[in-house]
Amino acid sequence: LCAGVLRAAGARLRLATLTAARDALALIPDVASCKIGLEQGITAADYPLIRLVPSRITPGRPYNNRTAETLIYFGMDVTGADAGGLEAVYAALFALEAEIIERLRAMHHRYIETVTDEDRLDAYKLMTIRAELVGTQPAP
């Protein structure tokens with residue numbers, strides 16, 4: 001029972017870390033939607049978007065921390081009248097990337113890299129930031 005309680009508390013703290021990152025990124029100007037997970041049914045109204053997808057949880061440093069390796073998808077509609085062409089979309093995405101990285105670093109998370117060609121839908125341009133989000137878990 002005790003181990004189960006510790007696991008549940010650790011899961012809440014990891015979710016709290018993701019939620020705090022989501023809330024901070026949602027405050028970036030002009031972001032239409034910011035959520036945890038990459039759901040089905042994303043529409044043009046969701047763009048510009050940010051999605052946080054935890055990909056791996058590992059022990060962190062110091063010992064009582066956990067690191068959530070997270071993919072942060074962000075993207076824009078490339079077909080809208082206000083898109084301004086692909087060059088303008090790239091400029092806007094690089095500005096959004098800079099805002100995301102700045103906020104991650106302000107929360108003491110670690111930026112790893114940006115993958116610039118993560119297009120999964122024809123009408124949208126997606127990029128992905130790989131980051132490590134560090135959260136505290138209860139000591140064993």
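This is a predicted model: local features need pLDDT of at least 70, side-chain atom pairs count only at pLDDT 80 or more; totals for chains, interfaces and linings use all residues.
Buried positions in α2 are Val89, Leu93, Leu96, Glu97, Ile100, Ile101 and Leu104. Viewed down the helix axis, the buried residues fall within an arc of 140 degrees and therefore line one face of α2. After the helix comes His108, with a positive phi near 65 degrees.

The largest nonpolar core has 23 residues, and the members that touch the most others are Leu25, Ile50, Leu52, Ile72, Phe74, Ile100 and Ile129. Two or more residues each come from α1 (2-26), β2 (49-59), β3 (65-77), α2 (86-106) and β5 (124-136). Of these, α2 gives the most, with six residues. Leaving aside residues up to four places away in sequence, Ile50 touches partners that include Leu25, Ile72, Phe74, Leu96 and Ile100.

Apart from this core lies another, of five residues, among them Ile42, Tyr47, Tyr124 and Leu126. Both Tyr47 and Tyr124 are buried. Two aromatic pairs occur in the structure. In the pair formed by Tyr47 and Tyr124, the ring centres are 4.1 Å apart and the planes meet at 5 degrees, so the pair is stacked. This pair links distant parts of the chain, 77 residues apart: Tyr47 sits in the loop between β1 (33-36) and β2, and Tyr124 in strand β5.

Note on methods:
Residues are numbered from 1 along each chain as its sequence is written. Side-chain values use heavy atoms; hydrogens and water are left out. A nonpolar core is a set of buried Ala, Val, Leu, Ile, Met, Phe, Trp, Tyr and Cys residues joined through side-chain atoms within 4.5 Å. Buried means under 20% relative accessible area, exposed over 50%, partly exposed in between (1.4 Å probe, protein chains only). Helices (H or I, at least four residues) and strands (E, at least two) are DSSP runs, numbered from the N terminus. Contact means heavy atoms within 4.5 Å. Rings of Phe, Tyr and Trp (its six-membered ring) pair if their centres lie within 6.5 Å; planes under 30 degrees apart count as stacked, over 60 as edge-to-face and the rest as tilted. The arc is that of the directions from the helix axis to the C-beta atoms.
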